[in-house]
Amino acid sequence: MLRLPRRGHRFGGDRHRRITARRRQVVREVVDQLFDAGFTKTAAAIVKPELIDKSSLRNYSYGDEQLLQFYKLASGINKNDVTALQESIQLYERAEKKSLSMLLAFYIGDYYFRNADYNLAIEYLEKTDALYLSNDLNEKIQYEKGLSYFSLKKFDNAKPYFKSIVQLDQSPYKTDARYYLGFIAFSDRLYDDALVQFKELQNDAYYKRTIPFYLAFIYNEKGEVEKAIQIGESYLKQEDALHKKETMQFLASIYFNKGDYAKSVGLYEKALTMGIVLEPVQRYELGVGYHEIGKFTNAIEQLKPLSN
């Protein structure tokens, strides 16, 4: 004999599905918020039980399941976990949604960037698409691409990425991008272009430790010798100057060419006490300087080895 279903029985499955869907939505919302706020470790802790519980996992679409797997792996990648990296590469290769593959490409590229494997960093960072990532991530990607190419001495490849950052009104990477653009121009002997960037940094708390050296060199190359001397001498008085030895030798050579042999010799002598080994041309200048100020024995000491 057939029995009629009890009242409400036919709707039990629908109610269960609604509860399950609501729970799934809550989990996703909480994890998304935590992840976006940078709490990747907490997000991973919430996601792991969902991935372990097979009955719960069946409630997620394949794309959502992959996203949960990414949230679990992100914390490990940030800690330079090699296993998390390898699993992330595998997930990248089978990612169903492009938005997820773009996030994975960034995280994998960022891992290689942090570990100074710049070729692999570029390989993955170049796979990202700005349309699928936040402005903050896109700025970071531009910077990491630029610095990766720079570190590989591929300056022409690096420049467009640094320029894109410098053109922004505000960016946490803008100051560094200016320095690298200036350095590239300096290396290419495009001194006017280098000055544009370096002059913006000369009062920066970090870069003032190095920028005056480049400014002094550039002004000397442009024929503004007195300005080069002024900047160089002021820089030598800075306690935190990073290029003090190089500036000392540079100024010694400028004074030699000006015929101020006493100052030239004084700076070369100070450089020697700091353990600097002089190049042959510098030994020549020091030897001639000694001769001109009447220290003939010292002059012979510097010049005699050069005759061999």
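How many of the 17 residues of α8 are buried? Twelve of them are, so this helix is largely enclosed by the rest of the structure; buried here means under 20% relative accessible area, with exposed over 50% and partly exposed in between (1.4 Å probe, protein chains only). The model is a predicted one, in which local features need pLDDT of at least 70 and side-chain atom pairs count only at pLDDT 80 or more, while totals for chains, interfaces and linings use all residues. Residues are numbered from 1 along each chain as its sequence is written, and side-chain values use heavy atoms, leaving out hydrogens and water.

Helix α8 covers residues 135–151 (helices are DSSP runs of H or I, at least four residues, numbered from the N terminus). From first C-alpha to last, α8 reaches 24 Å, close to the 24 Å expected at 1.5 Å a residue, a span taken as 1.5 Å times one less than the number of residues. Just after α8, K153 takes a positive phi of about 60°.

N138 has a relative accessible area of 16% and touches A130 and L133, not counting residues up to four places away in sequence. With that same exclusion, F150 touches F155, A158, F162, Y180, F183 and I184.

F150 also belongs to the largest nonpolar core, which has 83 residues; such a core is a set of buried Ala, Val, Leu, Ile, Met, Phe, Trp, Tyr and Cys residues joined through side-chain atoms within 4.5 Å. Helix α6 (residues 98–114) gives the largest share of this core, eleven residues.

Note on methods: Helix = DSSP H or I, 4+ residues; strand = E, 2+ residues; numbered from the N terminus. Contact = heavy atoms within 4.5 Å.
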